[in-house]
Amino acid sequence: MTIVRKLVPYVIAIIASFAAAGIFIALTGANVFQAYETILFTSFRTPNGFVQTLLKFIPLTLQALAFTIPLTAGKFNMGGEGQMIVGAIAASVVGILGADLPAVILLPLVVLAGVAAGAIWGFIPAWLLYKFNINEILTSMLLNFVSFQIIDLVATGSLRDPVAGHPTTVQIGQGGFLPMLIKNPPLNAGLILALLVAAGVYLYTTRTTGGYELVATGANPRAAAVFGINVKRMFVFSIVLAGAIAGLSGVIEVAGVQHRLIVGLQHNFLVLGVIIALISRGNNLAVPFVAFFIAILEIGASAMQRTMNVPIEMVFIVEALVLLFVLLSDVFRRR
Amino acid sequence: MDSLVTFLRLTLLSMVPFVLAAQGTMLGGRTGVFNVAQEGIMLVGASLGFIGSYLAGGSTLVGIAAAVLVGGIFGLALAYFTTTLKMNQFVIGLSLLFIGTGLSTLIPKLVIGVTLSQPLIPTLQDLPIPLLSQIPFLGTVLFSHNILVYFAIVLSIGLWYFLFRTQLGLELRSVGENPNAADSLGINTSKHRYVTAILGGMLIGLAGAYLPMVYTGTFTEGMVKGRGWLTIALTFFAGWSPLPVLYGSLFFAGIEVASYRFQAGGIAIPYQYLLMVPYLATILVMMFTFRKTRVPGFLGNNYDREKRSL
């Protein structure tokens with residue numbers, strides 16, 4: 001019964017935002033109900049559509065977790081995008097330079113390099129927060145813009161694939177590819193990694209002492225400090241862990257999906273990750289489910305743009321509105 | 001000498017979006033409303049400024065009015081959700097940021113459709129001040145700009161006078177420092193928060209409109225390029241004061257212009273390094289100034305008069 005009651009505001013939020021978007025869709029002159037149908041069911045019509053949805057689900061889940069973990073400690077990581085990019089860069093540089101290594105060695109190296117790079121990129125704002133007390137929201141966000149230039153530098157540098165029109169590196173070694181779960185349509189083992197990470201984060205925050213300290217820090221830093229928790233260290237740890245997870249999402253894009261570094265691989269993942277995290281209200285258990293829902297919308301949105309000429313941003317507005325309505329439902333519950 | 005004149009002139013020209021957006025941020029912050037949606041409001045301001053001008057047959061005035069109006073609406077939304085509904089300011093700011101970003105690309109697609117190249121609008125004319133613009137050196141650097149450059153400077157001085165030399169300004173600042181005390185003196189805290197958030201939003205929207213109206217003549221996706229976030233940093237280390245915001249904007253604009261001019265100058269480092277400079281420089285400056293800066297005491301918080309303690 002309680003779970004049903006918890007879901008009610010979400011259902012209302014979704015209906016309300018679809019209704020709002022319907023007005024915009026009608027303005028474009030498209031058939032509103034056909035648009036809804038495309039958005040909601042493209043993922044389930046074909047095996048390819050479903051696999052595409054899962055491939056979106058992987059980075060979305062990881063990006064959302066990269067936001068919820070620091071959020072648990074009361075901090076905001078806005079650098080998921082940059083951490084993903086440097087993770088992808090490290091993974092592809094290692095994958096290209098070690099192209100001749102066998103898979104047993106290369107694959108772990110690729111994954112570790114990417115995760116470590118993401119963690120380091122997360123460590124910068126964490127350290128600035130720890131040492132200089134600089135607001136982590138700003139620094140993590142500004143580092144995203146730095147990473148956009150670094151990826152451009154790498155993809156147009158000596159590793160560039162001269163044949164590709166768009167800035168892209170050459171392929172990483174075969175040994176660095178993530179194993180495939182399904183060959184056609186291609187689904188890589190990143191799905192399992194993402195689910196393991198999601199489960200791990202959930203268990204960590206709910207079942208371990210360290211996780212409890214994280215939650216306590218977020219709930220009331222002063223009380224936590226009184227009880228002997230090193231609050232500032234928890235802040236650093238949570239942002240570094242988030243960076244590592246965001247870095248992993250970059251690794252999976254490279255080693256699992258593209259097998260090369262492509263400028264622009266981060267798409268809109270940061271914003272969607274934050275939306276997912278906030279719709280989940282920071283609840284790590286809810287994150288994968290919300291991420292799956294958003295993945296469905298995203299795949300439906302591209303299909304809608306292709307077949308009906310309705311701009312893809314329409315769905316982005318829907319997602320932002322769902323978030324706003326979910327947040328509003330809190331206000332009305334308070335009364 | 002010539003290149004110095006050009007550099008200073010361009011710095012003044014590029015200072016405007018920073019000044020407008022940062023004064024808007026500062027104004028809201030002075031009553032405790034911390035806006036983090038700058039990037040989104042600037043984008044939607046740029047988008048509507050462009051569309052408004054385009055639909056009105058190239059009328060700059062209509063474009064500016066559209067941008068200011070939409071900025072005001074975003075400010076109003078921020079004030080309503082945080083001041084009346086008492087929701088978390090950062091989370092609401094992010095939601096507005098996302099909605100603004102989405103609308104900024106959606107609206108041109110709906111109005112103009114998807115075209116190979118966007119249409120152009122006329123950019124703002126330079127308005128040399130008679131006599132003053134004749135002065136050698138200073139005339140070119142200071143007195144022959146578009147009207148928004150003058151507006152940005154006058155606005156900064158006006159805001160300083162208003163906030164630190166008038167009764168109303170003092171009341172307004174008290175709301176951001178200690179709303180409890182302000183409330184007990186009969187100051188309407190909600191009204192102050194609404195007014196500053198809306199005016200702040202308008203300025204940020206105008207800052208966005210400056211980009212298509214002066215730089216490019218058209219709207220492109222993501223054209224604000226992090227300026228909104230840089231603005232927040234700028235406001236912080238300007239200590240939430242109007243005049244330091246003005247000087248700080250000159251500094252930011254100087255870095256921006258320098259990094260572009262180096263690029264055009266054909267210096268043998270990859271341009272990507274130059275494009276990183278504004279963000280890295282900002283982080284560096286924050287390292288040295290962040291601890292010392294003064295921040296309004298109640299920044300980012302919502303005042304609930306029915307609660308006993310803060």
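Predicted model: local features only at pLDDT ≥ 70, side-chain atom pairs only at ≥ 80, totals over all residues.
Chain A is divided into two parts, domain 1 (1-30 + 309-335) and domain 2 (48-308). The C-alpha centres of these domains of chain A are 26 Å apart. Contact between them involves 12 residues of domain 1 of chain A and 12 residues of domain 2 of chain A. On the side of domain 1 of chain A that touches domain 2 of chain A, 10 residues are nonpolar, 1 is polar and 1 is charged.

The largest nonpolar core comprises 201 residues, and A:Ile275 and A:Ile276 have the most contacts inside it. The greatest contribution to this core comes from helix α10 (residues 231-258) of chain A, which gives 15 residues. Because domain 1 (1-30 + 309-335) and domain 2 (48-308) of chain A both give residues to the core, it lies between them. In soluble globular proteins, nonpolar side chains tend to be buried together.

The contact between the chains draws 30 residues from chain A and 30 residues from chain B. In chain A, at least two residues of the side that touches chain B are supplied by each of α5 (103-132), α6 (136-155), α11 (269-279) and α13 (313-334). By class, this side of chain A has 24 nonpolar, 4 polar and 2 charged residues.

A:Ile275, one of the residues with the most contacts inside the largest nonpolar core, also touches a residue of chain B, B:Phe98.

How values were computed. Residues numbered from 1 in each chain as written. Chains lettered and ligands numbered in written order. Contact = placed C-beta atoms within 7 Å. Helix = DSSP H or I, 4+ residues; strand = E, 2+ residues; numbered from the N terminus. Nonpolar A, V, L, I, M, F, W, Y, C, P; charged D, E, K, R; others polar. Core = buried A, V, L, I, M, F, W, Y, C linked by C-beta atoms within 7 Å. Buried ≥ 20, exposed ≤ 12 C-beta atoms within 10 Å, placed from the backbone. Domains from an automatic or database assignment. Lists of a residue's contacts leave out its neighbours within four places in sequence.
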